[in-house]
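Me: I'd like to learn how to read a few features of a protein model. Could you take me through them one at a time?

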Amino acid sequence: MPHRFLQKLKYLLKWRRHYDAEFASLPDRQIYDEEILPYFSQLLGNEDRILDIGCEWYNLHHQRHFRAKDYHTLDILPDRAAFGGKKHVVGSALELDQHFPQGSMALVLLNGIFGWGVNGEEEQKQLVVQLAHVLREGGYLLVGWNDTEANRPERPPGELLVNAGFQPWVFPPRGAETLLANEATGHTFEFYRLSS
């Protein structure tokens, strides 16, 4: 526990300045921080469970949007727990069913997983099955991925998600199901709901 506290303290003292200097002005980060996270925070009730997959120092501030919510984080690397929420699980996104009950989440935030660890088609299919397991009927899924040669997953995530019962959903503030948020990196946000 002291290690986790020290990691967060370092972030507050040093890394937050780095985030503001290097990341906060990126178009995809602005959309995520200023539109997507606040929208879902307002949309969901305090009893709704949220799962944020993938923890890094530059994601620590996500928690402020969900202070009053049932907010959970997950990362496969143990040292990332320092950047997770109070309800953090060390584990693989490919094994969500080992950590969370079926249909338990109202929202899953999956930004930078496809193409950043889950790359091959078989892993992608496995992740999609796990997402369908953990989301409740009508639950929301945000997928963020880079459509570039260096980080493009083997299959576009949308193809696999639609085949598994996810329906594209229009994100009201933008009036779009898909949003190219950063042309330089090809970072794209896609919005879905799990159908019955």
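Me: How do the residues of the lining of the largest cavity divide into nonpolar, polar and charged?

Reply: Before that, a word on the ground rules. This is a predicted model, where local features need pLDDT of at least 70 and side-chain atom pairs count only at pLDDT 80 or more, while totals for chains, interfaces and linings use all residues. Residues are numbered from 1 along each chain as its sequence is written, and side-chain values use heavy atoms, with hydrogens and water left out. Now the general idea: on a 1 Å grid over the protein atoms alone, a cavity is a set of points where a 1.4 Å probe fits but cannot get out, and lining residues have an atom within 4 Å of a point. Ala, Val, Leu, Ile, Met, Phe, Trp, Tyr, Cys and Pro count as nonpolar, Asp, Glu, Lys and Arg as charged, and the others, Gly among them, as polar. Here the lining splits into 3 nonpolar, 5 polar and 2 charged residues. Among them are Asp-52, Cys-55, His-62 and Phe-83.

Me: What volume does the largest cavity have?

Reply: A volume is the space filled by probe spheres set on the points, which are joined across faces, edges and corners. For the largest cavity that comes to about 40 Å³, and the structure holds 1 cavity of 30 Å³ or more.

Me: Which elements does the protein have, and how many?

Reply: Helices (H or I, at least four residues) and strands (E, at least two) are DSSP runs, numbered from the N terminus. This protein has 4 helices and 8 strands, in the order α-α-β-β-β-β-α-β-α-β-β-β.

Me: Where is the kink in H2 centred?

Reply: The bend at a residue is the angle between axes fitted to the seven residues ending there and the seven starting there. In H2 there's a kink of about 30°, centred on Asp-33. Asp-33 is also one of the buried residues of H2, along with others including Ile-36 and Phe-40.

Me: Is His-72 buried or exposed?

Reply: Buried means under 20% relative accessible area, exposed over 50%, and partly exposed in between (1.4 Å probe, protein chains only). His-72, in strand S2 (residues 70-75), has a relative accessible area of 6%, so it's buried. Arg-174 lies in the loop between strand S6 (166-168) and strand S7 (178-182), and Arg-174 is partly exposed because its relative accessible area is 37%.

Note on methods
On a 1 Å grid over the protein atoms alone, a cavity is a set of points where a 1.4 Å probe fits but cannot get out, and a pocket is an open set with protein on both sides within 12 Å along at least five of seven lines; lining residues have an atom within 4 Å of a point.
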